[in-house]
Amino acid sequence: MGWRLTLRPYVLIVPALLLTCGILYPFGLGLYYTLFDFSASKPQPDMVRFENYETVFTQDAFWNSAWVTVLYAVGAAAVETVLGVAVALLLHRSSIVGRVLEKILILPLMIAPVIAAIIWKLMLQPSVGVVNHLLKPFGLGGVQWTDTPAGALLSSIAVDVWVYTPFVAILALAGLRSLPTSPFEAAAVDGAGWWYTFRRLTLPMLWPYVLVAVIFRFMDSLKVFDIIYALTEGGPGDSTVVLQIRAYLEAIRFQRYSFGISYTIVLWAVVYLAAMVLVRHLGTIQRKAAEAK
Amino acid sequence: MTVRKRLLGWLADVALILYFVFALFPIAWMVILSLKPANQLFSTYFSFTPTLDGYRTVLGDSEGIPFVRFFVNSLVVSVGAVVLSLVVGLPAAYASARWRFKGSENLMFTLLSFRFAPELTVIIPLFVLYQKLGLFDTYVGMIWVLQLVTLPLIVWIMRSYFADLTPELEQAALLDGYSRKQAFFKVALPLVKPGIAAVSLLAFIFAWNNFVFPLILTSSEAQTVTVGALSFLGGDRPKYNLTAAAALVSVVPPLLLALTIQRYLVRGLSFGAVKS
């Protein structure tokens with residue numbers, strides 16, 4: 001009753017939409033720019049149609065960046081999932097230690113990723129950083145963390161893991177706390193072991209919750225920028241030049257505006273496709289989980 | 001059995017403590033580094049005479065980096081973005097929670113989908129546009145673009161708060177002779193106040209922590225702490241104590257807020273997973 005005035009919701013949403021359009025406009029503008037050869041050296045651009053995209057896809061630099069981006073995103077999301085679920089399981093036991101520590105779980109997540117990268121950069125300095133100082137007793141005093149290609153990629157993934165593992169842990173913990181208790185009680189009565197209960201009960205029921213976290217982490221890692229910018233700036237060489245860093249270098253550093261935007265449009269398309277596939281997968285898994293309950 | 005169980009519990013606690021050492025050590029190490037005098041930065045590690053010189057330099061602008069100004073800028077643009085997002089976001093969230101209308105789900109998804117767009121896609125055109133409009137390096141320009149961070153968050157979380165309220169409450173108010181506007185302001189809004197507080201602080205933290213937007217869309221006037229802290233790493237001689245002090249000062253507001261409203265933040269962050 002009384003909720004029939006259909007115009008009202010639109011009126012209420014219009015301000016938010018207008019603000020959103022303020023962002024959609026530059027997005028459309030960017031898309032339009034990519035059809036030109038707009039750059040600092042060519043302020044009066046010619047229409048080149050899809051030439052920018054052709055150049056992107058035929059460049060080794062693009063495929064290198066794409067590869068680095070995928071390595072980074074898969075690596076970070078995988079480690080964060082395993083570590084985050086492990087931390088959540090340990091906290092769910094709710095010992096006194098766990099209850100105290102749970103309150104500060106959120107802290108790294110509240111630190112700006114770029115600040116986290118700065119912090120780790122100081123700690124990873126080869127000769128004066130604290131990490132190598134602590135590793136000295138183990139005979140590993142001189143690791144060139146961010147100065148070797150593999151080290152730089154691993155270090156940036158480590159920073160991502162440091163910042164975002166709490167995110168996965170929080171979602172997994174919320175999931176664990178909302179699971180029904182009766183199947184676990186039944187399993188305990190049947191004398192099922194910890195591993196069996198975990199593999200057959202906990203994990204399948206928890207997975208839909210964890211998957212949301214994994215999707216968020218994977219998509220965010222595909223468009224990582226701040227951590228790499230502050231930690232390695234894409235180096236050494238181009239070993240950590242992920243797609244957004246490449247776009248930044250092309251568009252801002254070398255001032256090839258339209259070419260740089262083409263990179264971000266390609267990345268945007270990839271993230272969208274990944275989102276669609278993952279969200280559909282999520283739907284299937286959630287339905288299965290709901291049926292199983 | 002019980003001995004084995006106790007041993008496993010003990011092992012679990014040790015594993016947990018190990019993770020938290022990994023999670024908290026970097027913050028503790030920054031505190032140590034920021035308190036070191038400049039001449040002891042490269043010598044000894046755990047023994048030194050603590051000094052506040054690092055903080056004095058950073059907060060006194062003496063390295064030619066106006067850090068206090070960046071701090072104030074961060075406050076202004078983050079608060080501005082949150083306030084603006086609340087003003088337009090609350091009605092939108094309310095509408096989408098109360099009415100199922102044509103295209104509502106699509107509209108809401110569009111709002112959320114901005115979370116997944118690579119920032120540089122819009123920043124580069126905005127950079128060109130801002131130069132023309134005179135919005136480059138201004139508060140207005142920064143507040144406008146930070147909506148991308150704050151608005152989807154506020155709409156999505158507040159939508160579930162409003163959906164949790166039963167419509168009967170407002171209907172009762174309407175029967176009592178309230179107008180629909182009054183029912184919203186006097187009945188619905190006060191009931192979701194805790195939610196508004198929590199989501200505002202969460203949005204504030206996200207806006208504060210943003211790096212890409214101020215990096216490209218500001219240069220000096222409206223630059224924020226995330227970009228400002230990075231400038232201490234530059235220069236010919238690395239000033240680790242200053243960098244550490246700047247990093248710590250810039251994380252004080254988010255960390256303080258997080259500790260105060262920890263319970264609500266966790267609720268906000270885990271909303272998507274628990275309610276689907």
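# A tour of chains A and B

Select A:E80, A:D160, A:R217, A:D220, A:K223 and B:E119: a network of salt bridges links these residues. The model on the screen is predicted. Over all chains, the structure holds 13 salt bridges. Side chains of opposite charge can pair when their charged atoms come close.

**Stop 1: inside the network**

Start with A:R217 and A:D160. They form a salt bridge in which the closest N and O atoms are 3.4 Å apart. A:R217 and A:D160 are both buried.

Next, select A:D220 and A:K223. Their salt bridge has its closest N and O atoms 3.9 Å apart. A:D220 is buried, and A:K223 is buried too.

**Stop 2: the interface**

How many salt bridges does the rule find across the interface of chain A and chain B? There are 2. The largest share of the side of chain A that touches chain B comes from helix 1 (residues 7–33) of chain A, with 19 residues. Colour the two chains separately to follow the rest. In total, 92 residues of chain A are in contact with 85 residues of chain B. Between them the chains bury about 8400 Å², and 80% of that is on carbon and sulfur atoms. The interface also has 8 residue pairs in polar contact.

**Stop 3: the end of chain A**

Move to helix 12 of chain A. Of its 11 residues, 9 are buried, so this helix is largely enclosed by the rest of the structure. Among the buried residues are A:R246, A:Y248 and A:E250. After the helix comes A:Q255, with a positive phi near 55°.

Now go back to the loop between helix 11 (226–231) and helix 12 (243–253) of chain A, where A:P236 is placed. Most residues other than glycine have a negative phi, and most peptide bonds are trans. What kind of peptide bond joins A:G235 and A:P236? The bond is cis, with omega about -5°. A:E233 is also in the loop between helix 11 and helix 12. Its phi is positive, near 50°. A:E233 counts as partly exposed because its relative accessibility is 44%.

**Stop 4: a loop in chain B**

Select B:D137, in the loop between helix 5 (119–133) and helix 6 (139–164) of chain B. B:D137 is not a glycine, yet its phi is positive, about 60°. Is B:D137 buried or exposed? With a relative accessible area of 10%, B:D137 is buried.

**Stop 5: a salt bridge within one helix**

Select B:D53 and B:R56, whose side chains meet in a salt bridge (2.9 Å, N to O). The two residues are 3 residues apart in helix 2 (residues 53–59) of chain B, so about one helical turn separates them. B:D53 is partly exposed at 41% relative accessibility, while B:R56 is exposed at 55%.

**Stop 6: a nonpolar patch**

Finish with B:L7, B:L8, B:W10, B:L11, B:V14 and B:L18, which make a nonpolar surface patch of about 620 Å². B:L18 sits in helix 1 (residues 2–35) of chain B. Its relative accessible area is 57%, so B:L18 counts as exposed.

Notes: Residues are numbered from 1 along each chain as its sequence is written. Chains are lettered from A and ligands numbered from 1 in the order in which they are written. This is a predicted model: local features need pLDDT of at least 70, side-chain atom pairs count only at pLDDT 80 or more; totals for chains, interfaces and linings use all residues. Side-chain values use heavy atoms; hydrogens and water are left out. Patches are made of residues with over 30% relative accessible area and no salt bridge: like charges are joined within 9 Å, nonpolar side chains (Val, Leu, Ile, Met, Phe, Trp, Tyr) within 5 Å. Accessible areas come from the Shrake-Rupley method with a 1.4 Å probe; for residues, only the protein chains shown count as cover. A salt bridge is a side-chain nitrogen of Lys or Arg within 4 Å of a carboxyl oxygen of Asp or Glu. Helices (H or I, at least four residues) and strands (E, at least two) are DSSP runs, numbered from the N terminus. Buried means under 20% relative accessible area, exposed over 50%, partly exposed in between (1.4 Å probe, protein chains only). Contact means heavy atoms within 4.5 Å. Buried area is the accessible area (1.4 Å probe) that two parts lose on being put together, summed over both. A polar contact is a pair of N or O atoms within 3.5 Å; within protein, one must be able to donate a hydrogen and the other to accept it, and residues adjacent in sequence count only if both atoms are side-chain atoms.
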